[in-house]
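Colleague: Could you walk me through this one? I would like to go through it question by question.

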Amino acid sequence: MNEILLAEFSTPGKLLKAAEKLSNCGYTTYETYSPFPIHGMDDAMRLKHSKLGWIVLCGGATGLIAGFSLQTWVSLHYPLIISGKPFFSYQAFIPVTFELMVLFSAFSAVFGMFALNKLPQHYNPIFKSDYFRKVTSHGFFIGIDSNEKGYDRDKLRDLFATLDVKHIEVIEDDE
Amino acid sequence: MTASTSSIVQVKRPDLVVPGETFESVTEIVSRPMEMKLPSWWLITFCVAVSGVLLLKSMLAYLIWEGIGIWGLNNPVGWGYAIVNFVFWVGIGHAGTLISAILFLFRQKWRTAINRFAEAMTIFAVICAGIFPGVHIGRQWLAYWLFPIPNSMGMWPNFKSPLLWDVFAVSTYFTVSLMFWYVGLVPDLATVRDRAKSKVRQMIYGIFSLGWRGSNRHWQNYEKAYLLLAALATPLVLSVHSIVSFDFAVSQLPGWHTTIFPPYFVAGAIFSGFAMVVTLMVLARQLFNLKALVTIGHLERMNKIILLTGMLVGYAYGMEFFMAWYSGYQYETFAFINRATGPYAWAYWIMVSCNVISPQLFWFKKCRTSIPIMFIVSIFVNIGMWFERFVITVTSLHRDFLPSSWGYYSPTWVDVCTFIGSFGLFFTLFLLFLRFLPVISISEIKNVMPEADPHYGEEH
């Protein structure tokens with residue numbers, strides 16, 4: 001049976017210090033939770049940069065190519081004579097190409113972000129804690145899963161005690 | 001040397017949130033409109049707005065039944081209220097994207113108090129806008145011909161036409177704005193979920209908040225997505241109104257065929273949109289008691305943008321006349337002299353007084369910070385910007401090259417009722433938004449509070 005050790009801190013500053021401490025102690029898969037992104041937290045947790053930019057680049061390139069080739073194909077396959085302009089009027093294809101590039105990039109930004117975050121995920125053991133509900137308003141938490149290498153509940157309790165922790169609780173995950 | 005270093009004084013920026021508020025109290029303030037007892041003013045205005053929707057629906061049903069002959073269109077004025085209303089509504093939407101995307105890229109932190117509100121306005125305005133070209137096509141049941149959908153007739157749209165570019169621009173704009181808005185809403189919907197007292201409420205907000213739990217790994221990707229969306233929406237919003245202006249500028253009609261149109265339309269769009277944000281925000285902060293988060297300072301900044309964009313628009317009006325004279329092209333000259341002195345001079349001068357003269361009041365700090373004055377000016381700007389589109393569309397068309405094809409366009413009661421009905425739709429959606437969604441971005445506004453800085457309270 002897994003468990004999650006949930007520790008609450010009173011300010012973003014204390015949360016940041018606690019995360020730095022955990023990283024220095026070699027923990028890597030712990031997670032911090034806050035009502036808004038905290039400046040410097042990615043570095044404190046030693047997180048790599050988000051991969052989202054590359055996903056969006058691919059999405060944008062797809063939209064660009066798809067948009068331009070759609071128009072080229074349609075104009076040659078279904079030729080319309082419009083004030084004597086050439087069928088392949090690439091200048092006139094720019095607006096639609098641009099719009100489709102933006103559209104595809106935006107789709108990949110939004111759905112790419114959800115995919116990287118594994119959302120929607122309506123079940124999570126951490127939601128079992130009623131205490132955790134204030135995370136979306138004014139709570140700053142650290143959660144450590146018992147799968148984490150070197151997990152020792154009592155040792156972590158002692159560590160958090162030195163970091164001015166506000167509240168500690170253990171959530172049991174029976175799945 | 002010592003004297004100069006000691007005289008350095010840290011310049012304090014004005015507070016974005018009234019001092020004394022905490023993270024918890026901000027959540028309270030924003031959640032209150034969703035959790036309080038339904039106010040009676042809400043119910044009354046909602047009923048009025050819904051009757052507007054019914055009016056709109058019946059006008060559209062009548063139109064589809066009878067055909068566009070029930071509108072005031074004639075020969076030579078083949079474009080009337082439909083295009084005027086379309087450009088008017090799309091323009092209003094632009095302020096939302098400007099606030100949410102462009103001001104985000106420029107790190108204008110004051111935007112956090114108004115961006116959610118303005119984005120909602122964008123979406124509802126674009127919905128209203130989309131109706132008009134959709135029904136203007138005459139055979140509305142063939143509206144899908146606008147899109148390149150493979151069909152048994154082997155027929156495809158004309159990609160060289162600005163009207164088709166517009167289809168892509170406006171539908172992309174709507175989709176991207178909606179996604180941007182939703183992404184911003186996810187953490188706040190989770191806040192509402194976590195505060196919910198009833199099971200149903202928790203379920204509904206729970207579904208839409210996708211299981212958000214404020215995890216930092218999530219925030220990392222989230223912030224990246226938000227930045228990328230802002231970076232995509234910025235050129236998008238500029239392209240949309242540029243393409244809307246191509247509907248006119250790419251034709252060869254005097255009064256329309258000018259290269260100034262794209263920037264002129266974009267400036268006008270931002271101008272009208274900010275006016276609409278001010279109109280609605282003044283009311284909402286009063287009715288829902290949001291004054292601690294939306295301060296006079298926010299409104300004053302918006303009024304400064306109204307002043308700036310109002311003058312850009314005024315410059316464009318002047319430049320159009322200058323070019324008409326300087327080009328030496330007699331039809332162009334005629335179109336503009338006719339605009340200011342012809343049968344539609346009344347509309348032209350309403351436009352100039354509302355758009356160019358009335359914002360000049362905002363040079364004075366007293367006027368910029370006075371709620372009644374800014375409310376009245378914002379209404380004037382809304383009226384003036386509707387007339388701008390009316391003037392551009394109708395005055396350029398009504399006197400064709402030959403005097404034998406001159407005419408005068410007046411709307412019919414159907415035109416007027418459809419336009420009024422579109423306001424009903426806008427306000428219905430807006431009132432629903434005010435009641436059921438967080439009108440201010442809870443997570444973003446916390447981020448600009450001094451307490452959000454991890455080094456807050458530490459010695460430097």
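**Domains, interface and rings**

Modeller: Gladly! The C-alpha centres of domain 1 of chain A and domain 2 of chain A lie 45 Å apart. This is a predicted model, where local features need pLDDT of at least 70, side-chain atom pairs count only at pLDDT 80 or more, and totals for chains, interfaces and linings use all residues. Residues are numbered from 1 along each chain as written, chains are lettered from A and ligands numbered from 1 in the order written, and side-chain values use heavy atoms, without hydrogens and water.

Colleague: Which residues make up domain 2 of chain A?

Modeller: The bounds come from an automatic or database domain assignment. Domain 1 is given in two pieces, 2-48 + 126-173, while domain 2 is 52-116.

Colleague: How much area do chain A and chain B bury between them?

Modeller: The contact (heavy atoms within 4.5 Å) takes 71 residues from chain A and 59 residues from chain B. Buried area is the accessible area (1.4 Å probe) that two parts lose on being put together, summed over both. Carbon and sulfur atoms carry 66% of it, and the total is about 5700 Å².

Colleague: Which three residues supply more than any other three of the area that chain A buries against chain B?

Modeller: Together they supply 11% of that area. They are A:P37, A:E99 and A:T136.

Colleague: Which residue of chain B forms a salt bridge with A:E31?

Modeller: A salt bridge needs a side-chain nitrogen of Lys or Arg within 4 Å of a carboxyl oxygen of Asp or Glu. Across the interface of chain A and chain B the rule finds one. With the closest N and O atoms 3.4 Å apart, the partner of A:E31 is B:R217.

Colleague: How many aromatic pairs does a search of the whole structure find?

Modeller: Rings of Phe, Tyr and Trp (its six-membered ring) pair if their centres lie within 6.5 Å; planes under 30 degrees apart are stacked, over 60 edge-to-face and the rest tilted. Over all chains, the count is 71.

Colleague: What is the angle between the planes of B:F124 and B:F430?

Modeller: Their centres are 6.0 Å apart. The pair is edge-to-face, and the angle is 85°.

Colleague: How many residues apart are B:F124 and B:F430?

Modeller: Helices here are DSSP runs (H or I, at least four residues), numbered from the N terminus. B:F124 is in helix α5 (residues 115-136) of chain B and B:F430 in helix α15 (residues 413-436) of chain B, so the pair links distant parts of the chain. The separation is 306 residues.

How values were computed. Helix = DSSP H or I, 4+ residues; strand = E, 2+ residues; numbered from the N terminus.
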